[in-house]
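Biologist: I have not worked with this one before. Can you put it up and take me through some of the local details?

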Amino acid sequence: MTFAGRIKNFFSKASGLSDEFFEDLTDLLVEGDFGASEAYMAADALRDCCKKEKITSPDDARIRLAGLLEEKLLSEMPAKMPMAEISGSECIVMLLLGVNGVGKTTSAAKLAALFRDLHKRRPILAAADTFRAAAIDQLKIHGERLGVRVVAHKQGGDPAAVVYDAIEAAQAGGGDIIIADTAGRMHTKTALVQELKKIDRVVESRAAGAGYIKYLVLDATTGRNALAQAEIFMEAVSPQGIILTKYDSTAKGGVIFSMASALRLPVLYLCTGEKYGDIQQFDPRLFVREFLGLD
Ligand SMILES: Nc1nc2c(ncn2[C@@H]2O[C@H](COP(=O)(O)OP(=O)(O)OP(=O)(O)O)[C@@H](O)[C@H]2O)c(=O)[nH]1
Ligand SMILES: [Mg+2]
């Protein structure tokens, strides 16, 4: 049974809002990848609300919980959403960051398709993962399939130089949005951090005035480990938003609440498959309703 199905079951089978009900709800939220303290706080807040608002039926409590979780999600996200800030920019640079295998390259291709088709932009893909030869080829294949230009150097080349060239190509009239794939792994962590910082400096200096957004790509199936993975990137280049991938492969979404409170980063996109169209802008209200199995 899906996690949303279990939540639905839990509320529909509950006979009343007893202490045991709130304890079981806490456990269930933890199973859904909530952190223990977050689960406890959410159940506690629901208990207070139900008391104050004289809510007695579990069904009404579920709807109230949806409201509380949505409020929590919105209050913990930064007031200024990075997408809103950059959407009017003439030129946009997007950097995709994340550990290996999370879905950076696939997401870069999805964003290229999305920005071209929906936002009528002219994307350029930058193959700034020069660590593996296969990574460059993989991005080139996406570029061919999508009919999107890919700026690439040889394996082992300087990724910052790739991004530099992609910015030049855009400035020369070749495009208006640069989507850069980066390496998720290097020989050492220090090397990775230095490489990412260098790319960041190049964008800051070469694309001054352009909209610039750094996405942290996280794999939803890794649950709370995704938070630990985030640290190195938070330190290196301060990403402003999250692309959560492989949401189709997990029934749990509690980690999104932890991301909002622990990282104070908004989830901006949710990816739900391997096809180019499997990317959606994150909608907190819809997400909470799905998480709680509300139709
Ligand atoms: N089911 C599912 N699979 C995905 C999704 N996004 C990416 N994948 C798959 O995850 C695998 C890894 O994706 P990549 O895009 O190569 O990941 P990466 O972060 O670029 O990996 P490295 O270049 O090795 O660091 C591929 O098999 C993708 O097809 C998604 O939203 N859902
Ligand atoms: Mg890759």
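Biologist: Where does Lys54 lie?
Modeller: Lys54 is in the loop between α3 and α4. Helices here are DSSP runs of H or I with at least four residues, strands are E runs of at least two, and both are numbered from the N terminus. This is a predicted model, in which local features need pLDDT of at least 70 and side-chain atom pairs count only at pLDDT 80 or more, while totals for chains, interfaces and linings use all residues. Residues are numbered from 1 along each chain as its sequence is written, chains are lettered from A and ligands numbered from 1 in the order in which they are written, and side-chain values use heavy atoms, with hydrogens and water left out.

Biologist: Is Lys54 buried or exposed?
Modeller: Lys54 counts as exposed because its relative accessibility is 71%. Buried means under 20% relative accessible area, exposed means over 50%, and partly exposed is in between, with a 1.4 Å probe and protein chains only.

Biologist: What is the phi of Lys54?
Modeller: The phi of Lys54 is positive, about 55°, although the residue is not a glycine.

Biologist: On to the helices, then. At what angle do α3 and α4 cross?
Modeller: The axes of α3 (residues 36-52) and α4 (residues 58-76) cross at roughly 125° and come within 10 Å. That angle makes α3 oblique to α4. Under 35 degrees would count as roughly parallel, over 145 as roughly antiparallel, 65 to 115 as roughly perpendicular, and the rest is oblique. The axes are lines fitted to C-alpha atoms, for helices over the stretch in contact, and angles run from 0 to 180 degrees between N-to-C directions.

Biologist: Left-handed or right-handed?
Modeller: The crossing of α3 and α4 is right-handed. A crossing is left-handed if the near helix is turned anticlockwise from the far one by less than a right angle, and right-handed if clockwise.

Biologist: Which residues make the contact?
Modeller: From α3 there are Glu38, Ala42, Ala45, Leu46, Cys49 and Cys50, and from α4 there are Ala61, Arg64, Leu65, Leu68, Leu69 and Lys72. Contact means heavy atoms within 4.5 Å.

Biologist: How many of those are nonpolar, polar or charged?
Modeller: The contact of α3 with α4 has 9 nonpolar residues, no polar ones and 3 charged ones. Ala, Val, Leu, Ile, Met, Phe, Trp, Tyr, Cys and Pro count as nonpolar, Asp, Glu, Lys and Arg as charged, and the others, Gly among them, as polar.

Biologist: What about α4 and α11, how far apart are their axes?
Modeller: The axes of α4 and α11 (residues 255-263) are 8 Å apart, and the two helices pack at an angle of about 35°. The crossing of α4 past α11 is left-handed. Leu69, Lys72, Leu73 and Glu76 of α4 make the contact with Ile256, Phe257, Ala260 and Ser261 of α11. These divide into 5 nonpolar, 1 polar and 2 charged.

Biologist: How many residues of α11 are buried?
Modeller: In α11, 7 of the 9 residues are buried, and the helix is mostly covered. The buried residues are Val255, Ile256, Phe257, Ser258, Met259, Ala260 and Leu263.

Biologist: And what follows α11?
Modeller: Arg264 follows α11, with a positive phi near 50°. Arg264 sits in the loop between α11 and β7 (267-271). With a relative accessible area of 47%, Arg264 is partly exposed.

Biologist: Different topic. What does Asp33 touch?
Modeller: Residues up to four places away in sequence aside, Asp33 touches Gly223, Arg224, Lys252, Gly254, Val255 and Ser258. Asp33 lies in the loop between α2 (19-31) and α3. Asp33 counts as buried because its relative accessibility is 15%.

Biologist: Where is Asp176?
Modeller: Asp176 is in the loop between α8 (159-174) and β4 (177-182). At 15% relative accessibility, Asp176 counts as buried. A polar atom of its side chain lies 2.7 Å from the backbone nitrogen of Arg122.

Biologist: Last one. Which residues is His142 in contact with?
Modeller: Neighbours within four places in sequence aside, His142 is in contact with Thr105, Thr106, Ala109 and Tyr276. His142 is in helix α7, and so is Leu146, in a helix that covers residues 133-146. Leu146 is in contact with Ala109, Ala112, Ala113, Arg116 and Tyr276, again leaving aside neighbours within four places in sequence.

Note on methods. A polar contact is a pair of N or O atoms within 3.5 Å; within protein, one must be able to donate a hydrogen and the other to accept it, and residues adjacent in sequence count only if both atoms are side-chain atoms.
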